[in-house]
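This report is meant for a reader who is meeting the structure for the first time. Please look through the sequence and the model before going on to the sections below.

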Amino acid sequence: GVGKKNEEEEEEKKKKTTTNWKYGYMSTTEKSNSYSLTLPRASFLHKDYLDLYIMAMPRPIYLYVAQHFECEDIAMSFFVSSLTGGKPPLVTDYWAVKSMVKLYSEKKISGGKDHKSARDKCVDRFAEVLGVKEDGEWGPLQTAELVHDVDDPMFGYGAEPEDWDGMDELSLSSVRLKELVVTMKELKTKSYNDQLKWLKRKKYVTMKEAKKVGMIEKTEEWEKRWRSGEDET
């Protein structure tokens, strides 16, 4: 009948307008100065999204991540986009992105031979379920600008680089935030080489703390924490 014909036409139209999405790498993002998906470790998220992830994430996505130990970053990014009219989460400052340390995990989320294809499937399926595809209820997913100022690589990087000089640290109630603002203001007066030295020191301190508790793979502390039991069996 007419109804069935209309349904078939709509389905055919949907196939033509909806594409299969794939996962892209950070290197591509930095070359194009644009992005539509972020890793949680490189994004600035309100803590409420963490609660909403547990309470409101569509169960098929939530259970897939819990059972397969992968694609939680894609799920969070698209989830935020579905709640913000398709906008991707903000990319954080350069120093925060580049000072991160990779910690050991017994169940590796990445690195397998099928890792890329699995992430491609997650991108395509999660975008569809969360309604951020071209024809989605909460989309389409938007592309945001990644500022990458070559004249100021340390502070001219991210979605919305912070105006540290415009901040009044005396008006802040958080001691930690006050210290951060003071540090950033002082760092801005330094040369780029001195800024990089500061960044390397920050990463070294973080690495040292992680190494001490056995979270850096293939170190003596890591062997003692994670492999000592294997020698006894």
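## Thr19 and its surroundings

Leaving aside its neighbours within four places in sequence, Thr19 is in contact with Asp124, Lys133 and Glu134, where contact means heavy atoms within 4.5 Å. The C-alpha atoms of Thr19 and Glu134 are separated by 8.1 Å, although the two residues are 115 residues apart along the chain. Thr19 lies in the loop between helix 1 (2-17) and helix 2 (26-32), and with a relative accessibility of 40% it counts as partly exposed. On this scale, buried means under 20% relative accessible area, exposed over 50% and partly exposed in between, computed with a 1.4 Å probe and protein chains only.

## Basis of the model

This is a predicted model, in which local features need pLDDT of at least 70 and side-chain atom pairs count only at pLDDT 80 or more, while totals for chains, interfaces and linings use all residues. Residues are numbered from 1 along each chain as its sequence is written, and side-chain values use heavy atoms, with hydrogens and water left out.

## Overall make-up

The protein has 10 helices and 6 strands; these are DSSP runs numbered from the N terminus, helices being H or I with at least four residues and strands E with at least two. Of its 233 residues, 31% count as buried. Among contacts between residues at least 6 apart in sequence, 69% join residues at least 24 apart.

## The disulfide

A search of the whole structure finds 1 disulfide, defined as a pair of cysteine sulfur atoms within 2.5 Å. The disulfide is formed by Cys71 and Cys122, with their sulfur atoms 2.1 Å apart. Cys71 lies in the loop between helix 4 (59-68) and helix 5 (72-83), and Cys122 in helix 7 (residues 115-129), so the pair ties together parts that are 51 residues apart in sequence. The torsion about the S-S bond of Cys71 and Cys122 is about 85°, and the disulfide is therefore right-handed. Both Cys71 and Cys122 are buried.

## The second largest pocket

A pocket is an open set of points on a 1 Å grid over the protein atoms alone where a 1.4 Å probe fits, with protein on both sides within 12 Å along at least five of seven lines, and its lining residues have an atom within 4 Å of a point. Of the 24 residues that line the second largest pocket, Phe44, Thr92, Trp95, Ala96 and Leu180 are the closest to its centre. Helix 8 gives the largest share of this lining, 5 residues.
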